[in-house]
Amino acid sequence: MSHPRDRFDLVPSEAAERAFIDARERGRLHHAWLLCGPEGIGKATFAYRAARTLLGARHDSSRGPLGAAPTDTVSQLISAQAHPDLLVLERLVEGGKTKKSISVDQARDLPEFFSKSPSQSPYRVAIVDAADDLNVNAANALLKVLEEPPERGVLFLVTHAPGRLLATIRSRCRRLIFAALERNEIARLIIRQTELDAAEADRIADMARGSPGAALALASGTSLALDALAHRWVDEGMIDAAEALSVADGFRGAEGQARFEALMDRLAAAVRDRALASGAEGRGEPWAELWGRLTDLPERAAAVNLDRADLLAAALADLKRTRDRAA
């Protein structure tokens with residue numbers, strides 16, 4: 001799936017884009033924007049779309065209110081992560097592993113960045129994706145920037161859970177809310193950006209639950225195959241040991257981590273669906289408890305470097321016990 005900085009045709013929220021444009025045109029462009037909504041809804045995509053506009057990319061109205069031409073020099077510099085007036089803070093990847101948080105050292109780059117005048121553009125822009133990933137010291141370093149708004153500087157904070165942020169950070173930002181897209185909007189997005197047919201697009205739209213990011217991830221053949229496998233394991237109880245071992249063989253290396261996380265995500269989603277469908281007379285409780293355990297699994301695996309094949313085996317054993325308990 002493409003990174004948000006490379007998405008030019010996805011418009012997460014026309015209302016949010018028009019509100020941003022209106023603020024700029026009226027001379028009320030806030031220095032800090034808090035982009036709120038569920039993960040995968042398009043908040044980071046919006047941040048990059050707004051950044052292209054502020055940094056002077058050529059407008060392309062066919063791509064939405066904040067649409068920019070992919071061939072424009074500004075757009076290409078941003079995609080290459082080489083624009084001197086754009087700073088992005090996100091969790092670093094070291095040794096094939098993504099760090100658990102955005103460090104204070106990264107956050108300390110913000111004051112220095114905003115202390116300089118724009119070199120090529122009308123503004124300097126920073127994106128924090130996501131502010132939820134800031135550790136305590138990093139959050140305090142960010143707060144110092146918000147307390148002294150930079151001239152010709154704009155900061156976008158992506159957040160999936162704004163209530164977890166410092167109240168002093170929230171109070172200094174203008175908030176934009178991103179709601180889940182309608183099912184038919186998701187289906188149209190999939191048809192427009194992939195080669196899938198309408199039936200497959202509808203299936204993905206059901207699974208994505210209003211998230212365009214999740215929909216684009218699911219649109220890959222691998223994700224669809226993993227979703228089908230997870231539902232077969234959960235709904236039909238058809239778990240073949242040799243097949244599970246074959247799946248676990250694909251968990252090696254950095255790409256294996258992504259595949260493991262994708263499978264766990266689809267397995268948790270299938271269990272969640274089963275919990276919702278089995279709610280009568282308390283039969284959904286064992287499935288709900290299993291869902292809670294599965295959602296924590298990828299993070300625990302990354303934190304202590306647990307063997308992914310062993311974790312899959314443990315998850316499948318837990319699934320079998322849950323089926324027996326719920327029977």
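Mentor: Alanine 130 sits in the loop between β5 (124-129) and α6. The model is a predicted one, and in it the peptide bond leading from aspartate 129 to alanine 130 is cis, with omega near 5 degrees.

At the start of α6, the backbone nitrogen of asparagine 137 has a side-chain oxygen of asparagine 135 within 3.2 Å of it. Helix α6 covers residues 136-147, and its 12 residues, at 1.5 Å each, should span 16 Å; the C-alpha atoms at its ends are 17 Å apart, so the two figures agree.

Next, the side that faces inward. Ala138, Ala139, Ala141, Leu142, Leu143, Val145 and Leu146 are the buried residues of α6. An α-helix has 3.6 residues a turn, so residues three or four places apart point the same way. Several elements take part in covering the buried residues of α6, including the strands β1 (32-36) and β6 (153-159). The helices α4 (104-107), α5 (109-114) and α7 (167-170) are also part of that cover.

At the other end, arginine 152 belongs to the loop between α6 and β6. Arginine 152 has a positive phi of about 60 degrees, although it is not a glycine. Its relative accessible area is 41%, and therefore it counts as partly exposed.

One of the covering helices, α5, contains proline 111. Proline 111 has a relative accessible area of 39%, so it is partly exposed. Between proline 111 and serine 101 there are 10 residues of separation in sequence, and their C-alpha atoms are 19 Å apart in space.

Glutamine 81 is in the loop between α3 and β2, and its phi is about 55 degrees although it is not a glycine. With a relative accessible area of 57%, glutamine 81 is exposed. Alanine 80 is in the loop between α3 (73-79) and β2 (86-89), and is exposed at 52% relative accessible area. Alanine 80 and arginine 5 are 75 residues apart along the chain, yet their C-alpha atoms are separated by 9.0 Å.

A polar atom of the glutamate 17 side chain lies 2.9 Å from the backbone nitrogen of leucine 66. Setting aside neighbours within four places in sequence, glutamate 17 is in contact with Val11, Pro12, Phe46, Arg49, Gly64, Pro65 and Leu66.

Helix α8 (residues 183-193) gives the most to its lining, with four residues. By class, the lining of the second largest pocket is made of five nonpolar, four charged and one polar residue.

Methods. Residues numbered from 1 in each chain as written. Predicted model: local features only at pLDDT ≥ 70, side-chain atom pairs only at ≥ 80, totals over all residues. Heavy atoms only, no water. Helix = DSSP H or I, 4+ residues; strand = E, 2+ residues; numbered from the N terminus. Nonpolar A, V, L, I, M, F, W, Y, C, P; charged D, E, K, R; others polar. Expected span 1.5 Å × (residues − 1). Buried < 20%, exposed > 50% of the residue type's maximum accessible area, 1.4 Å probe, protein only. Contact = heavy atoms within 4.5 Å. Polar contact = N/O pair within 3.5 Å; in protein donor to acceptor, adjacent residues only side chain to side chain.
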